[in-house]
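Colleague: Before I use the labels attached to this model, I would like to hear what each of them rests on.

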Amino acid sequence: MITLSSDFGTPYPAAMKGVILQESDARLVDVAHDFPRQDVRASAFWLREVLPHFPPAVHLVVVDPGVGTDRDALVVRSGDHALVGPDNGVLVPVARELGPDESFEAFTIAVDDPASATFHGRDVFAPAAATVHEAGVESFDGLDGFEATDEVVDLAFPAPSVTADAASGEVLVVDGFGNAITNVPGNALTDHFGTRVTVNDESVPARRTYAAVDPGDRLATVGSHGNVELAVNQGRGDEAFGLAAGDEVVLSPDT
Amino acid sequence: MITLSSDFGTPYPAAMKGVILQESDARLVDVAHDFPRQDVRASAFWLREVLPHFPPAVHLVVVDPGVGTDRDALVVRSGDHALVGPDNGVLVPVARELGPDESFEAFTIAVDDPASATFHGRDVFAPAAATVHEAGVESFDGLDGFEATDEVVDLAFPAPSVTADAASGEVLVVDGFGNAITNVPGNALTDHFGTRVTVNDESVPARRTYAAVDPGDRLATVGSHGNVELAVNQGRGDEAFGLAAGDEVVLSPDT
Amino acid sequence: MITLSSDFGTPYPAAMKGVILQESDARLVDVAHDFPRQDVRASAFWLREVLPHFPPAVHLVVVDPGVGTDRDALVVRSGDHALVGPDNGVLVPVARELGPDESFEAFTIAVDDPASATFHGRDVFAPAAATVHEAGVESFDGLDGFEATDEVVDLAFPAPSVTADAASGEVLVVDGFGNAITNVPGNALTDHFGTRVTVNDESVPARRTYAAVDPGDRLATVGSHGNVELAVNQGRGDEAFGLAAGDEVVLSPDT
């Protein structure tokens, strides 16, 4: 099984699929091709949310603002999974989730010049994903063209600050529903379910479900990712709270 | 085969696919993940249009504004098909189409607490769809966790009024081309093909094909769903007629 | 394998998939369903870019502004591939790429009246694609309903003008990143990599990669399709250059 993730929109991902299907009969599963354009951090967040639900697979990931520069092309092996993509940090947070003890191994992919300077997804990463799939996640590193490396660009999500009185952090991503997903862990909110909390000086209900408030009303809740999320029942939380990715969020009990 | 329909956008549907693929090798086919957000009626319309074209399958449907409330989770068996989704009516119109004589059977899905309160698609419906697929549409109800029920939330599309002089109804949905699809049956229009009709006091040609009028011109036609549709050849009917879902449409011969 | 391309958005393509899966177990691969609406030329461009990357397959293509008129329905055989779609030119440029020596054969599909006048994708082309797939690309033309024809609507992309001093052409399509893709061949630019060129009287760097200029800066480069592309690193070239599909582009060395 090979999953595919990118910020390509269409039809570029289909070219990657064609290239893979020249070499492999793998099942292909799209994760998303509308990740925020060239936003490595948001893409890393979504990959960490979604890929751990999959059985062992090769995951092709192309969010690559540095395409054509000398950034490395990587295969990251983590548990029974392999991740294939650029060395810009996008693979790292999910790699820490897929393997035991947050461990993973990384390998550089030899890139022939003159591969296309603008479409490494098709010309470098898709062929590598097919090769890794056909050789097997356990065995691909015995092939020519893959070399172990200890130097991988890291990516960490910003750390929230949680005290007894308040939690502060920031919006990591806004999802398609308009929910503003923060880096504040859900347990900062769950004690307050049924009461109200202050979000950036505005008082809103803390609730376990969207539908616990009237349609159009704001709430703070804990999303499926386990983080605090600022939402509107049947509406857009980002607009109602005036929040976008990167904005600061301070949360405190409303006393 | 398992089809997937939702209003999730991306990448949430991929998490559902991962969960299913942990339990099943079923072929997965996306129907759409951009149904109008939390619009149960529009989603029910599209499901009724599309799913009857499929061979026997399990159809996972998650359009669920009441997620996390005490609404039931359902499997609906209709002919050789099973539908899995929330008990809010979205499954009912298509269930009436898939089986003989508009009949179907419904079963509640036992939901463990504490499943995620915000993502039952991943945590309740996707596992249930995999279970139904693996056990078989004929047999799943012999398993623990599925209980027959006669109490299902119904959903009916509004009934049009058709007389010899006029037909009145409303816009059910607008499709991606901008065609305003009404609940008025096509046979109210077909007698007038080649002449003109009055739509909310404006005279437009009634034609069998979009291309029978010049690009940019309005027409009334009968869509692939069999209903009257208000359209523009190579343009957007919703904008040209000033119509949105829910708006009233009165149609009469232009004499 | 059957690939699917259209300008349908969702959920119409799923109806085509259901119809195919009634007759065939073929692997289904989506190319794109958001081709520019009813834009035959842009769709032809993307098909020529993407389909040659696939192994032998049946390619279902429905971009069909003349649906319901008397335009023919076609199967085009080119090399080991078959293309199924309307006779409006959209299949021709890629057909010239898939076979040897730009050669291809065309066959009309018998269309039963009264197929739906508005959804031939579902009612004519999808069943034909399934039939061609099941009979085989080499053999389908022995079946009833397919008749060889020499009269096919042609489609040619506009020819650029390239001299020693300047190259002029036009924007063929804008991709999802906002890159304005022209019909000017890349070799008109590659000699100038590392220097500046004049694009419609404005001087910009000519570079091999987007990342060779600062984020937000404009450049002229050669895209993965081999043509000159006007772009912005991590931004939208169409907006920064004020260019849309069909606009003229004149390119000369900046001396």
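This is a predicted model: local features need pLDDT of at least 70, side-chain atom pairs count only at pLDDT 80 or more; totals for chains, interfaces and linings use all residues.

Colleague: What makes the relation of chain A to chain C that of a three-fold axis?

Modeller: Chain A is laid on chain C by a turn of 120° with a shift of 0.0 Å along the axis, and the RMSD is 0.0 Å. That is the relation of a three-fold axis. The C-alpha of chain A nearest this axis belongs to A:Arg27, at 5.4 Å.

Colleague: What superposes chain B on chain C?

Modeller: A rotation of 120° does, with 0.0 Å of shift along its axis and an RMSD of 0.0 Å. In chain B the C-alpha nearest the axis is that of B:Arg27, 5.4 Å from it.

Colleague: Which residues and elements make up the side of chain A that touches chain C?

Modeller: The contact takes 29 residues from chain A and 29 residues from chain C. Helix α1 (residues 12-23) of chain A gives the most to the side of chain A, with eight residues. By area, A:Pro11, A:Tyr12 and A:Thr118 supply 25% of what chain A buries against chain C, more than any other three residues. Chain A and chain C bury about 2300 Å² between them, 58% of it on carbon and sulfur atoms.

Colleague: And which ones make up the side of chain B that touches chain C?

Modeller: This contact takes 29 residues from chain B and 29 residues from chain C. The area that chain B and chain C bury between them is about 2300 Å², with 58% on carbon and sulfur atoms. B:His53, B:Phe177 and B:Ser224 supply 28% of the area that chain B buries against chain C, more than any other three residues. The elements that give two or more residues to this side are β2, α2 (40-50) and β13 (218-222) of chain B. The largest share, four residues, comes from β2(B).

Colleague: How many salt bridges and polar contacts lie between chain B and chain C?

Modeller: The count of salt bridges is zero. Nine residue pairs are in polar contact, both residues of each at pLDDT 80 or more. Across the interface of chain A and chain C the rule finds zero salt bridges and nine residue pairs in polar contact.

Colleague: Why is the contact of A:Glu170 with A:Arg41 called a salt bridge?

Modeller: The closest N and O atoms are 2.9 Å apart. The cut-off is 4 Å between a side-chain nitrogen of Lys or Arg and a carboxyl oxygen of Asp or Glu, so the pair qualifies. A:Glu170 is in strand β9 (residues 167-174) of chain A and A:Arg41 is in helix α2 (residues 40-50) of chain A; the pair links distant parts of the chain, 129 residues apart. Over all chains the structure holds 30 salt bridges.

Colleague: What makes β2 and β7 of chain B edge strands?

Modeller: Each pairs on one side only: β2 (28-32) and β7 (146-149). The open sheet of chain B has seven strands in the order β2-β1-β3-β5-β4-β6-β7, and the pairing is mixed. The twist averages 25° from one strand to the next. Helix α1 (residues 12-23) of chain B lies across β1 (2-6), β2 and β3 (58-62) of chain B, at about 155° to β1(B).

Colleague: How do you know that β4 and β6 of chain B pair?

Modeller: Pairing requires at least two bridges. Strand β4 (residues 73-78) and strand β6 (residues 105-109) of chain B have four, in the antiparallel sense, so they count as paired. One of the bridges joins B:Val76 to B:Ala106 in β6(B).

Colleague: Which strand pairs with β7 of chain C, and in which sense?

Modeller: Strand β6 (residues 105-109) of chain C does, in the antiparallel sense over four bridges. In β7(C), C:Phe146 is the bridge partner of C:Ile109.

Conventions: Residues are numbered from 1 along each chain as its sequence is written. Chains are lettered from A and ligands numbered from 1 in the order in which they are written. Side-chain values use heavy atoms; hydrogens and water are left out. Copies are superposed by least squares on the C-alpha atoms of residues with pLDDT of at least 70 in both. Axes are lines fitted to C-alpha atoms, for helices over the stretch in contact, and angles run from 0 to 180 degrees between N-to-C directions. Contact means heavy atoms within 4.5 Å. Buried area is the accessible area (1.4 Å probe) that two parts lose on being put together, summed over both. A polar contact is a pair of N or O atoms within 3.5 Å; within protein, one must be able to donate a hydrogen and the other to accept it, and residues adjacent in sequence count only if both atoms are side-chain atoms.
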